[in-house]
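Please look over the sequence and the structure shown here. A short report on the chain follows.

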Amino acid sequence: MQYLRAVAALLVVFYHAIYQIKEYQGLFEGGLWRFGAAGVDIFFVISGFIMWVTTAERPTAPLAFMRNRIVRIVPMYWIVTLGLFALSSALPNAIMIVDTTPGHLARSLLFIPHPDPAQPERLWPLLLTGWTLNYEMFFYGIFACALLLPRRFMLPAVFAVFLGLTLAGFAGLAHGPALSFWTESIVMEFVAGMLVGRLYLGGRLSFSTPISVALVVAGGVLLVAATPWAAPQTRLLAWGLPALMIVIGSLSLESRRQLRGKGLMELLGDASYSIYLTHIVTLGALRTLWNMAGLTKPGLPAAVTFIGVATLVCTAVGVAAYAGLEAPVTRAAKRLRLGARRAPALG
């Protein structure tokens, strides 16, 4: 799963890199080039899987579950969001167009889906990539409520809630930004991940190596091939199903000890959250510097050079952010949480 986290993060970096410089955008016209956006779908399936497996191995109360998720997700997201807010307030439009109104910031920090004041047709928070965290936190809330149920009822309950939301979205019954956001079919990818987790713990995802590899390869090919048809209404099939195949194949390989050891991909998997959060800001800064240096040359070779450099720089910045910010801040937050739990009551 760590390897897949790295792949998913790099896919999203690639997707955003190809659209950074307007002179190069015409070279990547056509639906196929959007396949990098499906890294999000891989993340969502992985998220459902991890939530199911970790709570099965170590039973967790709903409040404790939410505390753990907040400690894992919120500090780094707030740091990057507030940093972008400060930078954009001091240097408007220097790196990227960001609305710095207090209301936009507050709703972004609280994971409330809302129209971006700078682009009202988009339900984007201040940090663009935070839109996926609005889904993640919503899923965590539903999952935490499901923890109140007997284990055998959890998956059916979450499935029923998300299926109902999805059907309401298809029927046009969702009104308002938040409801229209949470009723997209993409939420079913979390349920798919939970189902994978259940099958995995039951020992039902250990296929032969050829079948496992075939699932990963076929999922990757299908993911790219279906990209022209990926839309909010069809995303679950176009990208969710291939993401599910990739995750299942990878888990099968892992269960057969075909993937082992630590290395670069393990490091990138650890740093995937920081890479994902910081890359859009890094790309904006790199684009500005690239244009200022006069490096924007016409032609495909120049475009490929920019994308390659951008991917490497975003990866390096993300790893540095993980080592210098995310890891120590997360450790400190965990210590504070444990300290608060162990502190004697007063009075």
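## Charges and surface

The chain carries 26 positive and 14 negative side chains. The centres of these two sets lie 12 Å apart. The model is a predicted one.

## Helices

The chain has 14 helices and 0 strands.

## Overall dimensions

How does the radius of gyration of the chain agree with that of a compact globule? For 347 residues, such a globule would have a value near 20 Å, and the chain has 21 Å, so the two agree. Along its principal axes, the C-alpha trace spans about 60 × 60 × 45 Å.

Among contacts in the chain with a separation of 6 or more, 77% are accounted for by residues 24 or more positions apart.

## Buried residues and the core

Of the 347 residues, 47% count as buried. In soluble globular proteins, nonpolar side chains tend to be buried together. The largest nonpolar core of this chain has 103 residues.

Which residues have the most contacts inside this core? They are Trp 131, Tyr 135, Phe 143, Phe 162 and Leu 277. For Phe 143, leaving aside neighbours within four places in sequence, the residues in contact are Met 51, Trp 52, Thr 55, Phe 65, Met 154 and Met 194.

Conventions: Residues are numbered from 1 along each chain as its sequence is written. This is a predicted model: local features need pLDDT of at least 70, side-chain atom pairs count only at pLDDT 80 or more; totals for chains, interfaces and linings use all residues. Side-chain values use heavy atoms; hydrogens and water are left out. Helices (H or I, at least four residues) and strands (E, at least two) are DSSP runs, numbered from the N terminus. The radius of gyration is taken over C-alpha atoms; the globule rule is 2.2 Å times the number of residues to the power 0.38. Buried means under 20% relative accessible area, exposed over 50%, partly exposed in between (1.4 Å probe, protein chains only). Contact means heavy atoms within 4.5 Å. Lys and Arg count as positive and Asp and Glu as negative; His and the chain ends are not counted. The place of a charge is taken as NZ of Lys, CZ of Arg, CG of Asp or CD of Glu. A nonpolar core is a set of buried Ala, Val, Leu, Ile, Met, Phe, Trp, Tyr and Cys residues joined through side-chain atoms within 4.5 Å.
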